[in-house]
Amino acid sequence: MQMTLPLPARTRVAVIGAGQAGLSVAHHLQRRGLVAGEGFLVLDRGPDAGGAWQHRWEALRLGSAHRVNDLPGMAELGLSFDTADRSRAARDVVTEYYRRYEDAYGLQVRRPVTVSAVRDEEPLLRLDTDHGSLTAEVVVNAGGTWGSPFKPHVRGEEAFLGRQWTTVDYRSAEDFRGRRVVVVGGGTSATNILLELEGVAEATTWVTRRPPEFVEGDGLAAEAGAAAVAVQDRAAREGRALPSIVSGTGLVATPAVKAAVERGVLVAHPMFTSIEPEGVRFADGSFEPADDIVWATGFRAELGHLAPLHLREHGGGIAVEKGRVLRDPRIFLAGYGPQASTIGANRAGRIVANQVLAQLA
């Protein structure tokens with residue numbers, strides 16, 4: 001999908017990213033009187049609607065991932081992910097629904113547009129993009145995390161003769177047919193990948209930093225989920241590096257997951273201590289041969305384009321309260337920290353929009 005509308009030289013509010021958080025903020029800004037394309041402008045680097053979901057692997061279905069919350073105003077369009085066709089690829093469903101949502105509300109998302117830097121031109125902010133520059137009074141960063149997969153450093157990794165993948169690289173189990181695969185990570189992506197590799201790969205080994213905990217129901221809707229979000233919120237307000245949401249919520253024990261545990265497919269091993277040319281070495285001295293290592297070890301917020309603003313704190317993160325960056329009240333992070341989960345992103349859209357309008361006033 002090519003950008004058909006040019007970028008204006010100036011807008012009041014620039015929203016970077018058209019995933020769940022960005023569209024939620026845009027919807028609430030529109031409901032409160034700002035006009036899309038004039039009062040606010042949504043910039044998205046993706047080739048199509050759908051946010052990060054458009055890039056996920058084909059075999060992933062909505063029922064096998066954490067629940068995708070409906071966007072505000074989606075019900076009025078007769079759309080809901082709760083009733084979506086789960087036989088279709090999740091990426092196709094989300095892309096279709098988000099595209100219909102953008103069109104129905106006339107959000108005029110400009111794509112593909114990549115923001116390379118946000119700079120201070122007091123009292124305005126300048127956004128440098130691959131389609132030129134523009135200025136804004138307020139910037140809402142809703143770029144998400146998909147483009148910034150986290151891969152921990154492990155001794156000897158450079159000597160590995162096989163291939164190392166991240167969740168972003170993963171496309172199909174067929175790429176691993178007949179190969180020995182080590183999957184690292186304690187989240188839903190890791191377990192989904194392991195289930196898909198069963199019967200395709202020659203052998204799989206699951207490695208996690210801590211023993212996995214399986215919980216009934218939707219892990220993010222459980223009491224543990226609320227506690228994990230609270231931990232994220234404290235870290236965000238204090239400007240510390242953000243902990244993992246999954247580490248505090250557990251893995252959802254779906255029937256497929258329970259059966260895989262019983263079959264011995266989902267048996268976690270402790271983290272290896274080093275990587276050797278033909279496999280991984282554990283602390284007890286045992287060795288597991290591997291042709292591939294898949295790092296399903298989470299993501300970090302994409303904030304590199306905000307570096308010119310010097311927003312980071314000594315704790316390694318950006319101090320944020322209810323979406324507002326404490327170092328610069330003109331900058332908001334939507335979908336960051338406690339807002340990144342499906343619990344908080346849509347509600348956060350309303351909170352951020354209200355604060356943006358207060359800042360404009």
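This is a predicted model: local features need pLDDT of at least 70, side-chain atom pairs count only at pLDDT 80 or more; totals for chains, interfaces and linings use all residues.
Helix α2 runs over residues 90-105, which makes 16 residues, and the distance from its first C-alpha to its last is 22 Å, close to the 22 Å expected at 1.5 Å a residue. The buried residues in α2 are Ala90, Val93, Val94, Thr95, Tyr97, Tyr98, Tyr101, Glu102 and Tyr105. Directly after the helix comes glycine 106, with a positive phi near 60°.

Which kind of aromatic pair do phenylalanine 81 and tyrosine 97 form? The two rings are stacked, with 5.2 Å centre to centre and 25° between the planes; planes count as stacked when they are under 30 degrees apart. Because phenylalanine 81 lies in the loop between β2 (40-43) and α2 while tyrosine 97 belongs to helix α2, the pair ties together parts that are 16 residues apart in sequence. Phenylalanine 81 and tyrosine 97 are both buried. A search of the whole structure finds eight aromatic pairs, and one aromatic cluster is formed by Trp57, Trp165, Tyr170 and Phe176.

### Backbone features in the loops

The loop between α2 and β3 (115-121) contains proline 112, which is joined to arginine 111 by a cis peptide bond with omega of about -10°. Glutamine 108 is also placed in the loop between α2 and β3, and its phi, near 50°, is positive although glutamine 108 is a residue other than glycine. With a relative accessible area of 37%, glutamine 108 is partly exposed, since values between 20% and 50% fall in that class.

A cis peptide bond also joins glutamate 122 and proline 123, here with omega of about 10°, and proline 123 is placed in the loop between β3 and β4 (124-129). Histidine 310, found in the loop between β15 (292-295) and β16 (320-321), has a positive phi of about 55° although it is not a glycine. Is histidine 310 buried or exposed? Histidine 310 has a relative accessible area of 63% and is therefore exposed.

| Residue or bond | Angle | Value |
|---|---|---|
| Glycine 106 | phi | near 60° |
| Glutamine 108 | phi | near 50° |
| Arginine 111 and proline 112 | omega | about -10° |
| Glutamate 122 and proline 123 | omega | about 10° |

### A sheet of three strands

An open sheet has three strands in the order β12-β13-β14, and their pairing is antiparallel. Its edge strands, β12 (274-276) and β14 (287-289), each pair on one side only, and neighbouring strands of the sheet are turned by 25° against each other on average, with direction ignored. Strand β13 (residues 279-281) is joined to β14 by three bridges, and these two strands run antiparallel; arginine 281 has phenylalanine 287, in β14, as its bridge partner.

### The chain as a whole

The chain holds six helices and 18 strands, and 50% of its 361 residues are buried. Of the contacts between residues at least 6 apart in sequence, 69% join residues at least 24 apart. The accessible surface of the chain comes to about 16,000 Å², and carbon and sulfur atoms account for 50% of this surface.

How values were computed
Residues are numbered from 1 along each chain as its sequence is written. Side-chain values use heavy atoms; hydrogens and water are left out. Helices (H or I, at least four residues) and strands (E, at least two) are DSSP runs, numbered from the N terminus. The expected span of a helix is 1.5 Å times one less than its number of residues. Buried means under 20% relative accessible area, exposed over 50%, partly exposed in between (1.4 Å probe, protein chains only). Two strands pair if DSSP finds at least two bridges between them. Axes are lines fitted to C-alpha atoms, for helices over the stretch in contact, and angles run from 0 to 180 degrees between N-to-C directions. Contact means heavy atoms within 4.5 Å. Accessible areas come from the Shrake-Rupley method with a 1.4 Å probe; for residues, only the protein chains shown count as cover. Rings of Phe, Tyr and Trp (its six-membered ring) pair if their centres lie within 6.5 Å; planes under 30 degrees apart count as stacked, over 60 as edge-to-face and the rest as tilted.
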